[in-house]
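Visitor: Can you walk me through the side-chain contacts in this one? Keep it simple, please.

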Amino acid sequence: MSEVHPTICRVCAAHCGILVEVEGGRVVDVSGDRDNPLYRGYICPKGRALPEMHNHAGRLLHSMKRADGGSHAPVPHEQALDEIAERLRVLLDRYGPRSIALYAGTYAFMYPIATPMAMSWMNAIGSPMRFAPATIDKPGKGIAMALHGRWAAGPQTFADADTWMIVGANPPVSRSIGAPPNNGSGQLHHAVRRGMKLIVIDPRRTEAARLAAVHLQGRPGQDPVIIAGMLRVILHEDLADRQFIEHNTRGLAQLARSVEPFTPEIVQQQADVPAGLLIQAARIFAAGPRGFAVAGTGPNMAPRGTLSEYLLLCLNTVCGRWLRAGERVPNPGVLTPAFLPRAQAMAPAPGWGFGERLRVRGLTATAAGLPTAALPDEILLEGEGQVRALICIGGNPALAWPDQLKTVSALRQLDLLVSIDTEMSATARLSHYVIAPKLSLEQPGHTLAIETLSGYAYGMGYEVPYAQYAAQLVAPPPGADVIEDWEFFHGLARRMGLPLSLDSAVPWIAGGGAAPPVALDMDRRPTTEELLDILVRGSRVPLERVKSHPHGHVFDDEPVTVLPADPASTARLELSDPVMLAELEEVACEVQHASPEPAWRLVPRRLPDVYNSFGRSHERLVRHFAYNPAFMHPDDLEKLEVTAGDLIEIRSDHGAILGIAEADATLRRGLVSMTHAFGDLPGTGGEGEAEQVHRAGSNIGRLIPTDRNHDPHCGIPWMSALPVSVIPVRLRAAR
Ligand SMILES: Nc1nc2c(c(=O)[nH]1)N[C@H]1C(S)=C(S)[C@@H](COP(=O)(O)OP(=O)(O)OC[C@H]3O[C@@H](n4cnc5c(=O)[nH]c(N)nc54)[C@H](O)[C@@H]3O)O[C@H]1N2
Ligand SMILES: Nc1nc2c(c(=O)[nH]1)N[C@H]1C(S)=C(S)[C@@H](COP(=O)(O)OP(=O)(O)OC[C@H]3O[C@@H](n4cnc5c(=O)[nH]c(N)nc54)[C@H](O)[C@@H]3O)O[C@H]1N2
Ligand code: SF4
Ligand SMILES: [Mo]
């Protein structure tokens, strides 16, 4: 007899409401939940693969320990924790807390207790070395928001937008940013049908761009030029919201001077965007009257990503795209404390230059976190403060970080590398210990993490007060020895005699949660339920009420309106941050002395059926591609005398990889568009390079140096618009 339960899919950060069929204690089927008020039956192939994920032969059911020869064997998790605690104690004694670093990767986010528990453990040992993917993802966001200042009431919403601008994001595939997370594709289609005018800036005619009223398919890496050009049109044509600007901002005159060089003709010359289309985009966006502009990974990974994000905030502000007093607050909070915002600016804050100082490249903590791209150097650089141990939760540095070869040699050099991973990922294979975790349906959870995303970035998280609770649905398979990610840190703390407390803080919410952290009783193992409760203490809607709606619910019964500004508040949004405007001036100089465009540039993209490095061990998710194709325009392939499926060599000034050519007519010419976190460890498998590429794809991180061409503040290297050369492999020998 089977039972069907509503729950949350935690394979990705869209957190769709789904139905799971359980038979004999096993997950047998998954489908969309039509009774879920937000997701309305939506599901993607990754969600459909949940049964395979839970019952997969490659899933780790026991923790693993590496022997001297490099092979791994199962170890009881209690023994692994004993040994890890002992090794950490020795490192702490000998080298101090800074020798121990933590990396909370993509899957740490899916389990709301994991990161707060890990942070508490890091507090207890006194180590500041906490890293996350944010600084190799969209670091420009946190930093630009700090420099510009935030608008306390938040932006106008997608739901009633007349116009919407997406810069280098593709929500139909990423279901992450640029449209609400519940069915990005459906959301965009619906909005365009009701008359919303979409503007997309992307070098590829993406699924999103196909719906756009205006698609600016310019050169990658030219977003500062394009956005500055739009600002100039808006200021010249007097389309700005003068009243909003006058009351809430400072620095318009300097901004206007700084964007002056970016005439439509200059933008056309530099970014290859037709002048007429640029003007049209600027007019549509400024006309609104409601809407917002949001950027994804594309511009953040390209050179000057922080500047792109900063100019985009200026564009939103100049057009007055923020909620005003008396308007309805779209999401007054559900599992977070009641959000009763005022219509006022929050003062700008430093973007970098505070907190922990790294020993390399003059980098410091930033408003987006510590620079992850510099962690391999912190491991490799000997001397006081050297990082000697790394604990990695649900992340895969060996495939996902830039400069793969340096990253792997750093990981190999660690005295202690511990991964919490569901499978023997590339990073797990380098780890001294791999802790086998419970999967999502084997533990309870809720949507708190997704709700907090709106604090991380405008245009993420829920636009409505939605929440769902997910009960544990199945037990781990018989004989399995698996724990929840948070239990690892709790177990370590108990062994090391450290006190822990739980804060609702997620790393990107400065200042932490609303209530003080709750000290945990270290004499016993708390239940996950207790901890989930602690995380949401003080929430606007009690968790019990959320639980009483198993299909999820929109708690919009008590409308909340934006309060007027506090008359005493003097904070203003900053339109003329000196560092940002100096960077824009550099861009203007470069435009004057334009160097010739390189033959090819590498740009990132996401594949629908895999999630970064995850998903490739599941057959149904790699039925289209087992590898990451090197997508190029068909005319470019023809020019190279290459056909789809041929091997090409892609070379940067840092490294070279093989790729398998694939035609994609939606791309601009002159680009190679490839997904990250594919490939394998260097020199494994005993196979040739070409065989490895067909089996596992190519690691584009090998093309990306981290010690030059990086953002001076957050350290993100050029991960988009990277100049490369491309030659067919058949010609390689002749070169
Ligand atoms: N299916 C799936 N979903 C995912 C993921 C996944 O791997 N697979 N990963 C998740 C993660 S970790 C993240 S951070 C999000 C990312 O979510 P998104 O930011 O939406 O990621 P993409 O879909 O790659 O969209 C990036 C777009 O930027 C464009 N682009 C590249 N360079 C430039 C540039 O210089 N300027 C401009 N304007 N555009 C440029 C690319 O052509 C591409 O269309 O997705 C999440 N969702
Ligand atoms: N060149 C280039 N590099 C990039 C990007 C790019 O576009 N181009 N994108 C960047 C971005 S946006 C990001 S976010 C990073 C991602 O960087 P990471 O987060 O380091 O990499 P992932 O591949 O997401 O790692 C996820 C790991 O979690 C494991 N896992 C899966 N399910 C579970 C689970 O339930 N529990 C636990 N504990 N583990 C699980 C998977 O097996 C996998 O090993 O990569 C970045 N790197
Ligand atoms: S988009 Fe797919 S993987 Fe992501 S939560 Fe929804 S069903 Fe799961
Ligand atoms: Mo990401």
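Guide: What follows is a quick chat about ring pairs, charges over rings and salt bridges. This is a predicted model, where local features need pLDDT of at least 70, side-chain atom pairs count only at pLDDT 80 or more, and totals for chains, interfaces and linings use all residues. Residues are numbered from 1 along each chain as its sequence is written, chains are lettered from A and ligands numbered from 1 in the order in which they are written, and side-chain values use heavy atoms, leaving out hydrogens and water.

Visitor: How many aromatic pairs does the search find?

Guide: The search of the whole structure finds 15. Rings of Phe, Tyr and Trp (its six-membered ring) pair if their centres lie within 6.5 Å; planes under 30 degrees apart are stacked, over 60 edge-to-face, the rest tilted.

Visitor: Why do Y39 and Y466 count as edge-to-face?

Guide: Their ring planes stand at 70 degrees, so the pair is edge-to-face, with centres 5.8 Å apart. Y39 lies in the loop between β3 and α1, and Y466 in strand β19, so the pair ties together parts 427 residues apart in sequence. Helices (H or I, at least four residues) and strands (E, at least two) are DSSP runs, numbered from the N terminus.

Visitor: Is Y39 buried or exposed?

Guide: Y39 is buried, at 2% relative accessible area. Y466 is buried too, at 0%. Buried means under 20% relative accessible area, exposed over 50%, partly exposed in between (1.4 Å probe, protein chains only).

Visitor: Which residues do ring pairs link into a cluster?

Guide: F158, W164, F292, W322 and Y458. F292 and W322 are both buried.

Visitor: New topic. What sits over the ring of Y95?

Guide: The charged end of R388, 3.7 Å from the ring centre. The rule: NZ of Lys or CZ of Arg within 6 Å of the ring centre and within 35 degrees of the ring normal.

Visitor: And how many salt bridges are found?

Guide: The whole structure has 44. Each is a side-chain nitrogen of Lys or Arg within 4 Å of a carboxyl oxygen of Asp or Glu. One of them joins E83 and K65, at 2.8 Å, N to O. E83 is in helix α3 and K65 in strand β4.

Visitor: Where are D241 and R324?

Guide: D241 is in the loop between α8 and α9, and R324 in the loop between α14 and β13, 83 residues apart. They form a salt bridge, with closest N and O atoms 3.1 Å apart.

Visitor: Which residues form a network of salt bridges?

Guide: R98, E356, R359 and E378 are linked that way.
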